[in-house]
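Here is a short report on one structure.

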Amino acid sequence: MSTAPVIELAGLTKAYNLGTPVETEVLHGIDLSLAEGEFAALIGPSGSGKSTLLNIIGLLERPTGGRLSIGGRDTARLSEAEITQLRGRSIGFVFQFHHLLPAFTALENVMMPSIIARGRPDDAAEATALELLDAVGLKAHALKKPAELSGGQQQRVAIARALALRPRLILADEPTGNLDTHTADDIFALLREFNRQSNCACLIVTHDPRLAARCDRIVQLVDGRIADDGPAAG
Amino acid sequence: MKFRLPFAPIVALRFLREGRMQTLLILAGTTGGVAVIVFLTQLITQLQAQIVDRVLGSQAHVVIRPAEEVNRRAIDDAGFASIVEPRAQRLRSIDQWENIARLAADMPGVTAVSPVVTGPAFAVRGQASKSVALMGVDAERYRRIVRMEEYMVAGRFAVEGTRAVIGSELAKDLGIRMDDKLRVALPNGRDELLQVGGIFDIGNKDLNRRWVFVTLPLAQSLLDLPGGVSNLDLTVADIFEAQPVADRLRGATSLNVESWMQTNAQLLAALRNQSVSNNLIRSFVVIIVALGIASVLVVSVVQKQKEIGILRAMGASRAMILQVFLIQGAVVGAVGSVLGSALAFTLLNVFSAIYRNADGQPLFAAELEPRFIAMAALVATAVGLLSALIPARRAARMDPVQAIRS
């Protein structure tokens, strides 16, 4: 594709416990770029560094070495506050265990990224959130708390929340990990649909080879290195 | 358009509402603490004001008397040994008392000046005689020193000619009723027949037995002080400014000037000690409440780790998380102060119904001064905010990745 990369990683490394006897490097020079509209799966065995890589791309952790650009901006030079802002506005997270705020309704959960970004809720944010809930088929459940929703419904709310600010990048960490096959297919289809609609880049960590095969591209991580990167076999 | 709170208060209030039991406990603690402080402060302020009021009910705030007479050595030389005996103080007038009275009246803070002639006498009726203090006053002016009209049980506080006002105990002791005659005899041999025009009960049996009010000229002639006065009684605007006023007057006149604060030094010391112990109690309550709020919020931060991580992942800054927990502390303090003030008001009502004076009147009024409520609200909110500081900083420093994983 000819479009500009949404994320670009060059020689990225990550080590923990730097300078101590138990120093361990978990990522050894990752080169990866993801273009607008791309729908990629990140696979690999447990302990291969998938989650760490996702956290670094999601700006939740900082890399030890190498370069990470998001939307063309080199993140190494950004301050803590700028990182936080960039994360809020351009990245949407979908976690394995949905991670909704139990004290808030589904609608409020979906509005939350906007509340954080703009400082307070507004009518536009509420309208957008309702639209998104409608799109994931949960408009009728907008005022329910997460505890009153099923696992699949909770994950749909989480997806709606990830999309609230129309991010350029969606990062999903085993979004279907704790759902039954049927529901998992639904959630996956939903992500795919939004990816096509809004042309955002998606990077999905998954253990499920069936789902990975349905992505455009599969990045395989083994022992902190990219072992394979290519289009899905289909 | 509906009103919408900003991010931090929304999340803070929701967290408080979610942690129901914790919030209730922390609120109960704060409410109790505020109630104790407000109740105690109001009670002690009222009781102290009452005690001072009672003491000053029968006293001048400042009294000016002639300087004491002292013996001087004729030969002022260190080479001679001498024994100087203290002199007996005879009754004397204040020199040029009218000028001094004018000077005192012009002094800032002084609201009333009353000349008084006072000396010892016997009240005689039939075979009975009682030692009394003859008080020559100008009734109009003296009323502004001691509110005598409030204490009258019979007649009015007015002296003219030979009409006198005496205390209820003296009247009882001598079997005197209104308009009865009463003879006063003085050590210098003079005597006068008085007619009782009023009887007072000042709330102090000793004074009720001793004070006999007559006109200024009558007392002057009976006590051999023609045109003179033995002391000037003063009222000041702020009773706790009596000492500085007395000091200034002493400096200006070199007379013997005494404030009620010197006369009642022991009472003042007692009041001061009471205030100190009250402050001590209040400080401890504040510390305990602060520790309570802090410990509950510390637990809350740990419980809310995951939520904090989620909020951070969605772009909430450290400052926003800090605010969320600071606001929780402040809200607990503010709500606690409102509930605590209400509880204190209830306590005041209950205790004012239970505790009564010797005369059956409530010991204190069941009212709460707005300034104490304002003070409680301010202090409690500030304490809530401060005690939330440590938990809030902990929350803000949390690593979002660790928080989400936990």
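The buried residues of H3(B) pack against strand S1 (62-65), strand S2 (110-125), strand S9 (231-236) and helix H8 (242-253) of chain B. Contact means that C-beta atoms, placed from the backbone, lie within 7 Å. Helices (H or I, at least four residues) and strands (E, at least two) are DSSP runs, numbered from the N terminus.

H3(B) spans residues 97-106, and B:Trp97, B:Ile100 and B:Ala104 are buried there. Seen down the axis, these buried residues fall within an arc of 60°, so they line one face of the helix. The arc is that of the directions from the helix axis to the C-beta atoms. On the other side, B:Glu98, B:Asn99, B:Arg102 and B:Asp106 are exposed. A buried residue has 20 or more other C-beta atoms within 10 Å of its own, an exposed one 12 or fewer.

## Basis of the model

This is a predicted model; local features need pLDDT of at least 70, side-chain atom pairs count only at pLDDT 80 or more, and totals for chains, interfaces and linings use all residues. Residues are numbered from 1 along each chain as its sequence is written, while chains are lettered from A and ligands numbered from 1 in the order in which they are written.

## Where the chains meet

The contact takes 20 residues from chain B and 24 residues from chain A. On the chain B side, helix H1 (7-18), helix H11 (305-313) and helix H15 (400-405) each supply at least two residues. H11(B) gives the most, with 5 residues.

Terms used: Two residues are in contact if their C-beta atoms, placed from the backbone, lie within 7 Å.
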